[in-house]
Amino acid sequence: MKKRDIVFGLSLGLLGIILAVGAQTFASPCVHADGSAAMCAPVRTWLNVEGGIIAVLAGLSMIRPSAVIQGLAAIGGLLTILAPGVLVPICRSDMMACQRVTRPTALVIGALILVVSLWWLGLTLAAKKREARS
């Protein structure tokens with residue numbers, strides 16, 4: 001296991017954990033005044049599951065670096081960006097928590113997951129190309 005894989009794996013795993021925990025806490029979508037779930041409630045589950053999957057993929061790729069696993073993590077980052085509002089409907093009002101907190105959090109963390117996983121993927125592919133030449 002190379003230091004590079006440990007650093008990228010821990011970074012990606014931490015982003016996945018922040019996404020999952022954030023969806024349950026600080027970036028939680030709307031709850032109506034009467035306690036009923038809003039139409040955006042499924043986005044919490046979506047982001048929670050995505051965060052967990054990203055963390056698991058990061059751990060697996062740390063143990064055995066794989067371009068396929070890193071590519072799947074990049075797809076997970078893209079799905080995180082698209083989840084609130086595109087894949088899962090959210091409230092239309094700009095005053096709702098899903099618009100003010102959940103969506104921006106998913107966009108930022110999803111973009112970071114995408115960048116980190118694509119960077120790691122590029123380094124892994126470059127290393128395999130160098131190994132093939134020698």
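Modeller: In helix 3, the buried residues are Ile69, Gln70, Gly71, Ala73, Ala74, Gly76, Gly77 and Thr80. Buried here means under 20% relative accessible area, exposed means over 50%, and partly exposed is in between, with a 1.4 Å probe and protein chains only. This is a predicted model, where local features need pLDDT of at least 70, side-chain atom pairs count only at pLDDT 80 or more, and totals for chains, interfaces and linings use all residues. Residues are numbered from 1 along each chain as its sequence is written, and side-chain values use heavy atoms, with hydrogens and water left out.

Biologist: What covers the buried residues of helix 3?

Modeller: The cover includes helix 1 (3-24), helix 2 (41-63) and helix 4 (97-133). Helices are DSSP runs of H or I with at least four residues, strands are E runs of at least two, and both are numbered from the N terminus.

Biologist: How many residues does helix 3 have, and how far does it reach?

Modeller: Helix 3 covers residues 67-82, so 16 residues, and spans 23 Å from first C-alpha to last, close to the 22 Å expected at 1.5 Å a residue. That expected span is 1.5 Å times one less than the number of residues.

Biologist: What happens at the start of helix 3?

Modeller: A side-chain oxygen of Ser66 comes to within 3.3 Å of the backbone nitrogen of Val68.

Biologist: Switching topic: is Asp5 buried or exposed?

Modeller: Asp5, which lies in helix 1, counts as buried because its relative accessibility is 2%.

Biologist: And which residues is Asp5 in contact with, beyond its sequence neighbours?

Modeller: Leaving out neighbours within four places in sequence, Asp5 is in contact with Met62, Pro65 and Trp120; contact means heavy atoms within 4.5 Å.

Biologist: What about Val115, buried or exposed?

Modeller: Val115, in helix 4, is exposed, with a relative accessible area of 52%.

Biologist: And the whole protein: how many helices and strands?

Modeller: Four helices and zero strands. Of its 134 residues, 40% count as buried. The C-alpha atoms fill a box of roughly 65 × 20 × 15 Å along the principal axes.

Methods: Polar contact = N/O pair within 3.5 Å; in protein donor to acceptor, adjacent residues only side chain to side chain.
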